[in-house]
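Dear colleague,

Please find below the structure that I am handing over to you. My notes on its aromatic rings follow.

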Amino acid sequence: TEIADGHWKHGNVLVEQDRLRPGKWYARVAYTRFVAKRKEGISAAINRGMVCFLAAVTQTGEPWLYDGHDIEAYLKQIKRRRTSYQRDSKASSRWGPGRARTLRPLKTLQDKGQRWRKTKCQVIARRLATWLADRNVSRVYVEDFAGIRDGEPEKLEGGLHVWTRIQEWPYYELQMRLSACLSELGIETVVVKPHYISQTCPRCGHISEDNRDLKRWKLRCVKCKMTRHLDIAAAQNVMARGEAMQTSGGKEDGDSDKKKGGRKGGARKPGRKRGK
């Protein structure tokens, strides 16, 4: 009724047949509607990790965890099948159209994996967004993962295993789905810097690599002895950083240094060269 009344702006309409029930047809209508932001409510924060795919915590300290074991198992299955297809193609002596037919299952497998990841991210995002809305959350802080896949394996803690997981896990897809689901419910999304969120104690603020117990995946502060799940503690640090940014008028720590060229003494003058 809202589309017919003109309150919602409709877009493209797609009519398609149900693959499982050929006698059923569906019309998918894209629409745009205005959703007012929630003015009153508590804050929450989200952390996307290596061991736990997605973690969230509210301002009251209530946690939400999704380990992502099913995603990892599916990615391993796709990888094994892709390796098998590639091995068969190398063993084949076909060239030209024959080789293209041999490699055709790889494209089908790739498309299937992409569809599965998109659907899975949508399900997870909807589940978390509903959980946050039920707890009267009006603002969610999420860490900025821009450039996360640009690092080199030898410079990462955990080496090639961690680098491979970063390349395969759909972090960006999940963030896009989360932002859309949260906006649909009137929840604001704020992106903050992710530096040292897994090394900082959310209680006393002490920063140290010794705070992380990677074997048990806990944050154990060496100063105040606080212990909590590492990803939940990281989400708490994201929220603390976001709240501080809102208090300071949208500026994070280090913004003033950037304006000065990132140095205490200010930016270097143009045209001057510094010797070795």
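Phe-53 is buried, with 0% relative accessibility; buried means under 20% relative accessible area, exposed over 50% and partly exposed in between, with a 1.4 Å probe and protein chains only. Please note that this is a predicted model, in which local features need pLDDT of at least 70, side-chain atom pairs count only at pLDDT 80 or more, and totals for chains, interfaces and linings use all residues. Residues are numbered from 1 along each chain as its sequence is written, and side-chain values use heavy atoms, with hydrogens and water left out.

Rings of Phe, Tyr and Trp (its six-membered ring) pair if their centres lie within 6.5 Å; planes under 30 degrees apart count as stacked, over 60 as edge-to-face and the rest as tilted. By this rule there are 3 aromatic pairs. One of them joins Phe-53 to Tyr-171 and is tilted, at 5.7 Å centre to centre and 35° between the planes. Because Phe-53 lies in the loop between β3 (42–47) and β4 (54–58) and Tyr-171 in helix α5 (residues 171–184), the pair ties together parts 118 residues apart in sequence. Helices (H or I, at least four residues) and strands (E, at least two) are DSSP runs, numbered from the N terminus. Tyr-171 is also buried, with a relative accessible area of 2%.

The pair of Tyr-74 and Trp-116 is stacked, because the ring centres are 4.0 Å apart and the planes lie at 15°. Tyr-74 belongs to helix α2 (residues 69–91) and Trp-116 to helix α3 (residues 97–134), 42 residues apart. Tyr-74 is buried at 12% relative accessibility, whereas Trp-116 is partly exposed at 25%.

Finally, ring pairs link Phe-53, Tyr-66 and Tyr-171 into a cluster.

With kind regards
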